[in-house]
Amino acid sequence: VFLEDINFSVDGGLYAELIQNRSFEFFPMATNNNSPRAHTYSWSTRGEGRITLHDTDGMNEKNPHWVRLTAAQPGDGLTNTGYAGIVLEKGETYRVSFYTRGDYAGTYTVRFVSWGDPVGQTQLTAVPSGEWTKITGYITADASVDNARMDLLLDQAGEIDLDMVSLFPVHTWNNRENGLRVDMVEA
């Protein structure tokens, strides 16, 4: 049996994770011109948000990289474009989760955007903590699109440490959390 992960056949394909580089662990190599920005590949800031990459005091030694997100004003944050766009199906529910650390006590807005138009969102409450804490919520897509992005925004100015940002369809093969795509397994 031979499996080669080219053209998003596994990550972004069979495996139903929709966020690319969810834990900021891409590393500089020849295919990305040895760019020191490789760790934030597929991520960009929204508004006046700013991220700084860190590689100490992470979740564990195998996942050392994380970012500190600083929001200068409400609505600042970051966005992920998935694997050349996030494919959403109208009416389907998606589970979003991420780990945070810090004293931010506001709320987060997590939304899908396609061609500048919102196509689903949810609001999640921060859990201030000095330890990495998982936050989970659900978003139902308002439209079927193949080019969405996911924004994670702070609803008030503040700062938070962030890692392991994830987005999965709730309906996966055998309805396993963090599972495989139904259409790909059936094919």
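Visitor: Over how many bridges do E2 and strand E3 pair?
Guide: Keep in mind that this is a predicted model. Strands of a sheet pair through backbone hydrogen bonds, either parallel or antiparallel. Here E2 and strand E3, residues 66–71, go for the antiparallel sense, and the number of bridges is 5.

Visitor: What pattern does the protein chain follow along the sequence?
Guide: Count the elements: there are 11 strands and 1 helix. Read along the sequence, that gives β-β-β-β-β-β-β-β-β-β-β-α.

Visitor: Among contacts between residues at least 6 apart in sequence, what percentage join residues at least 24 apart?
Guide: A contact here means heavy atoms within 4.5 Å. Take the contacts in the protein chain that link residues at least 6 apart, then pick out those joining residues at least 24 apart. Their share is 71%.

Visitor: Is Asn 80 buried or exposed?
Guide: Asn 80 lies in strand E4, residues 77–80. The cut-off for buried is under 20% relative accessible area. Asn 80 has 0% relative accessibility, so Asn 80 counts as buried.

Visitor: Which backbone nitrogen lies 2.6 Å from a polar atom of the side chain of Asn 80?
Guide: Let's look around that side chain. The backbone oxygen of Ser 42 is 3.4 Å from one of its polar atoms, and Ser 42 is also among the residues in contact with Asn 80, including Ile 19, Trp 43 and Met 150, once neighbours within four places in sequence are left aside. The backbone nitrogen you want, at 2.6 Å, belongs to Gly 82.

Visitor: What about Ser 97: buried or exposed?
Guide: Ser 97 is found in strand E6, residues 93–102. Not counting residues up to four places away in sequence, Ser 97 touches several others, among them Lys 134, Thr 136 and Val 165. Its relative accessibility is 9%, so Ser 97 counts as buried.

Visitor: What percentage of the protein chain do buried residues make up?
Guide: The protein chain has 187 residues. The buried ones make up 42%.

Definitions and conventions:
Residues are numbered from 1 along each chain as its sequence is written. This is a predicted model: local features need pLDDT of at least 70, side-chain atom pairs count only at pLDDT 80 or more; totals for chains, interfaces and linings use all residues. Side-chain values use heavy atoms; hydrogens and water are left out. Helices (H or I, at least four residues) and strands (E, at least two) are DSSP runs, numbered from the N terminus. Buried means under 20% relative accessible area, exposed over 50%, partly exposed in between (1.4 Å probe, protein chains only). Two strands pair if DSSP finds at least two bridges between them. A polar contact is a pair of N or O atoms within 3.5 Å; within protein, one must be able to donate a hydrogen and the other to accept it, and residues adjacent in sequence count only if both atoms are side-chain atoms.
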